[in-house]
Amino acid sequence: MLPAQRPEIVRDPVAAGALGVVEAPLSLGERIANIGAVRKLALLVALALLWEGYARWLNNPLLVPTFSSTLEAFARGIAGGELVGKAATSLRVLLIGYALGIACAAVLTIVAILSRVGTDILELMTAMFNPLPAIALLPLALIWFGLGYGSIVFVIVHSVLWAVALNTHAGFRAVSPTLRMVGRNYGLAGVRYVTAILIPAAFPSILTGLKIGWAFAWRTLIAAELVFGVSSGAGGLGWFIYENKNQLDIPNVFAGLFTVIVIGLVVENAIFRWIEARTVRRWGMQV
Amino acid sequence: MAGVSPPQQGGPRQSTKREERRDDEACGVAPLLAVHGVTLQYKTPDRLVTATYRVDFDVQRGERFVILGPSGCGKSTLLKAIGGYLAPVEGEIRLKGTRIGKPGPDRMMVFQEFDQLLPWRTVKENVMFPLLASGRLAGTAADARALDCIRKVNLHDFADSFPHVLSGGMKQRVAIARALAMEPDILLMDEPFAALDALTRRKMQDELLALWQETNFTVVFVTHSIAEAIKVGSRILLLTPHPGQVRAELNSLGTDADSHEFAALERRIHALLFDTPDTPIGAGVEA
């Protein structure tokens, strides 16, 4: 049994102007808090204050120099050109190794995606060599390439290659079947298929691989320079740290580490962030 | 073929089909797409599945050919085979007399998934890309064709937007524009509106019919909705499930959704698909 029929209702909506706030700009404070750089800068300042406070309380510049004395040593090193020169030497070797590592990774993954035996080779090689610390290869590299840039570049390539290849390959395999079918529907095949469909579709993973590779390259470089000191005349940052430790100039040791950190921050927040903003964020693949 | 056992009632139905084909040939109309005795199988990790068994049908130029059937009747697999992604284990598929071997831009696909647009390209670039990739058009000609097709699907305000800012219906419209821009021999649509809400879906069906009125393309449209099949199709192929076999091929003469004929056809299709196979098949096909 249906309940008694009720009357129908028809209403006219209130005009938008009479409603009060429909849309309003955020307050200044909210807008500032929405800027990532501001938030991170605030964190950096907090960390620096913490460091300064702890070092002052410890009062032992041989163990932990204060932030201000590190900054002073850093400024001195920059002004005197010593730190700049060392950083440039390190960066040059680093970039050569990084570029070579990425090139090798690109070749390996493209072969892997186009053939099954290539996939097997990549998976096997990554499983074998990825866990192998680059420093463990250094003695061998010294025998093969001699005392010089060659050996350092070799160990950097080793540390970059597997990280980048692993991430890129994982990214390729995660490309949605629909996008793959779309690419093949257009008649794309081989290298064109990889460059036009797979690489952009897997770009978030590739970018992660590049970041990890960059970090691994730095670690390997500094460690190699520490272990094996000066190579062919001009030493890099690792050598700078090692030298100053021997002279017990701890603020300078911290200044060397500080340089590595600053370069890392700049590369991450300027270069990689820039690439991200123009690619994966713009495409809505990453928030 | 090994592994395929002929079903009991397969024989008589096949012969009905062949008589029909002879009639077609007598009329002298060469079909645009000819599907002859196509058996499709695919492998899951632990079993071999027969998706369709000896399916025959012809599609004439300018037809809106709908493949209708419950889930598991292999209709999507059949469409993928026409797309060239899957080779039949038995029988053959010919487009304009040429056997289909691999995917190609003469058969543009519109998929159900919203992720079929390349996220790294704007709407206009997405529509242009197959034109450029296949070398069909270049430069300003591709640009003009793309904009023309985008206008046809009423998205000219979004030509420079990236896909991630569009709604599901808009993405599907871009996919349709992209397919139409290529002026393919045949348009293959795999449940293109299935993931849309009911209101958008109705609107998209109307728009598709309007587009067809305007450009008179040939389309093979897969759906599991009887109402959609009657509304969109000019000819409807009914498939039975597990494995898919032709149950009937019916005409749908653009009947109004509230009309008596629409309801009658809907009931008839329902009976053909879901009732016991006692219904005389020949009577159904002749109507």
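Modeller: Two residues are in contact if their C-beta atoms, placed from the backbone, lie within 7 Å. This is a predicted model, in which local features need pLDDT of at least 70 and side-chain atom pairs 80 or more, while totals for chains, interfaces and linings use all residues. Residues are numbered from 1 along each chain, with chains lettered from A and ligands numbered from 1 as written.

Colleague: Which element gives the largest share of the side of chain A that touches chain B?

Modeller: The contact takes 16 residues from chain A and 18 from chain B. On the chain A side, two or more residues each come from helix H8 (177–185) and helix H9 (190–201); helices are DSSP runs (H or I) of at least four residues, numbered from the N terminus. The largest share, six residues, is from H8(A).

Colleague: How is helix H4 of chain A oriented to helix H7 of chain A?

Modeller: H4(A) covers residues 82–114 and H7(A) residues 149–173. Their axes (lines fitted to C-alpha atoms over the stretch in contact) come within 7 Å and cross at roughly 40°. Angles under 35 degrees are roughly parallel, over 145 roughly antiparallel, 65 to 115 roughly perpendicular and the rest oblique, so H4(A) is to H7(A) oblique.

Colleague: Which helix gives the most to the side of domain 1 of chain B that touches domain 2 of chain B?

Modeller: The domain assignment of chain B (automatic or from a database) gives domain 1 (55–106 + 186–287) and domain 2 (117–183). Their C-alpha centres are 26 Å apart, and 11 residues of domain 1 of chain B are in contact with nine of domain 2 of chain B. With four residues on the domain 1 side, the most comes from helix H6 (198–215) of chain B.

Notes:
Axes fitted to C-alpha atoms, helices over the stretch in contact; angles between N-to-C directions.
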